[in-house]
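Please view the sequence and the structure together, and then follow the points below topic by topic.

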Amino acid sequence: MTVIPYLRRIAAPVMSAIGTRARFTRRIGARVASAMSTGAQVIRGISAPIVSAVVTAAVIGGALWIQDSRGAWPFEPASAPVATLQGMVSAATTGSDPNHNRVPVDVTQDTAQALGIRLETVGRQSLTQDVRAVATVVPDESRISHAHTRVSGWVEQLDVSTTGEMVRAGQPLLRIFSQELLASQTEYLAARRMTSASGISSVVVAGGRTRLGVLGMSPAEIDAIEQTGEPTRLVTVYAPRSGVVVNRGVTVGTSVDPSTTLLTIADLARVWVLAEVPEASMTTVRPGSMARLDFPASGRPPFAARVDFIYPTLSERTRTLRVRLSAANPGGTLRPGLYGTADFVTTGQQVLTVPRDAVVDTGLQQHVFVATGDRFEPRPVTLGVQLADRVEIRSGLQEGEQIVAAGVFLLDSESRLRATGGTGGHSHGTPAAPEETTSVPAASPHAGH
């Protein structure tokens, strides 16, 4: 009986160890199962993009293989020169094209006549350019005067109180009270009384009179205070010239000093005319050039004037060059601010010229088509003065050569099309021309991509 309890004590630790191992095994199995599930999800997430990329590559590869077997784009060879239709034959595009995007074109006489192509011989002629500019009347700056006082003080009386009023030279404009001038008059009169009592002339008296003149008093005013023996409380400012008051800078009670502009007077017996010449025509107007001025609102008939001065800078806002002309204005009809026109007529030197429509301007370069027999060759040119209907040619052409003067844009489009390897195919309303006898390789149906 004693054996059984002993066996039980031995079996208890063994069973506990077996239970612990079973629980550990279950935990390990659960973690392994969770890791396997996560791995499966990762594999599924990676496999989907790979499969998609493989399918896309297969589709593209199959399309390229089909295109290669058909000899089509992007594996097609460079297209050979193609014969043009309707009597036009393109030149070989071997890289000798001076324009890099246009080639000479051969045109039969019948086709040229049907397309309206007209030729003109290059020659020299004098370019007469008419330049019209907006003109404005302004006061002559050399005939503008400013009225100032030579002492500090206050304005107590205005004899001319409105802008635009006509004044005469020497006319009183306003009167000013000045403590400095009043003290100088008092000192001068006191010096005169002292010298008159002694009967000896004094340098102080002469200096005092000069000082009063420097401070703005006229000789007549100085004589008046000598006769009366009393200083004048107000000093008068007179008009420096005859003209129109264009600006009044003070009113009664204004404090003034020598830097204050009291009134501005402009003599409008002669005025300036400022013409705004366009930037493109500024080289044609020079000092001494004649212009025809017209101011319809003034009631004055058009008259001629000469350019006196050309301003050195351009107006940034209007991109024009300001030109100054001088005009007599005896009746005062040319009022400052009046608008009109200035017409400049200039005659240039004898230069090579072509019609303006004969020049093809691509923006980067300009060229014309030179005719040599039935061939029309694009040739770059350098332009000079450009008028409404004629253009100066500075380089690229020689006198006596024939150029295309009409129908140039249709010819240019055909030349550009040939340079790109395209086919004409435009009938332009002309009868069908006989086919070329030269064997020409067939063009690819995908040409032009």
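Strands S15 (residues 303–314) and S16 run antiparallel and are joined by four bridges. The model described here is predicted.

- Leucine 314 stands opposite leucine 321, a residue of S16.
- S15 and S16 form a hairpin with five residues between the strands. In this hairpin, arginine 319 adopts a positive phi near 55°.
- S16 also pairs with S13 in the antiparallel sense, and this pairing extends over nine bridges.
- Leucine 274 has arginine 324, in S16, as its bridge partner.
- Why is strand S16 described as largely enclosed by the rest of the structure? Seven of the nine residues of S16 (residues 320–328) are buried, so the strand is largely enclosed.

**Aspartate 267**

- Aspartate 267 lies in the loop that connects strand S12 (263–266) with strand S13 (270–278).
- Is aspartate 267 buried or exposed? The relative accessibility of aspartate 267 is 17%, and a residue counts as buried when this value is under 20%; aspartate 267 therefore counts as buried.
- The side chain of aspartate 267 reaches the backbone nitrogen of alanine 269 at 3.1 Å.
- When neighbours within four places in sequence are left aside, aspartate 267 is in contact with Arg143, Arg241, Ser242 and Gly243.

**An open sheet of four strands**

- Four strands, in the order S9-S8-S6-S11, form an open sheet with antiparallel pairing.
- Which strands lie at the edges of this sheet? The edge strands are S9 (234–238) and S11 (255–256), each of which pairs on one side only.
- Within the sheet, strand S6 (residues 153–158) and strand S8 (residues 172–177) run antiparallel and are joined by four bridges.
- Valine 155 stands opposite isoleucine 176 in S8.

**The chain as a whole**

- The protein chain has 449 residues, of which 32% count as buried.
- Among contacts between residues at least 6 apart in sequence, 73% join residues at least 24 apart.
- The chain exposes about 26,900 Å², and carbon and sulfur atoms supply 57% of this area.

Technical notes:
Residues are numbered from 1 along each chain as its sequence is written. This is a predicted model: local features need pLDDT of at least 70, side-chain atom pairs count only at pLDDT 80 or more; totals for chains, interfaces and linings use all residues. Side-chain values use heavy atoms; hydrogens and water are left out. Helices (H or I, at least four residues) and strands (E, at least two) are DSSP runs, numbered from the N terminus. Buried means under 20% relative accessible area, exposed over 50%, partly exposed in between (1.4 Å probe, protein chains only). A polar contact is a pair of N or O atoms within 3.5 Å; within protein, one must be able to donate a hydrogen and the other to accept it, and residues adjacent in sequence count only if both atoms are side-chain atoms. Contact means heavy atoms within 4.5 Å. Two strands pair if DSSP finds at least two bridges between them. Accessible areas come from the Shrake-Rupley method with a 1.4 Å probe; for residues, only the protein chains shown count as cover.
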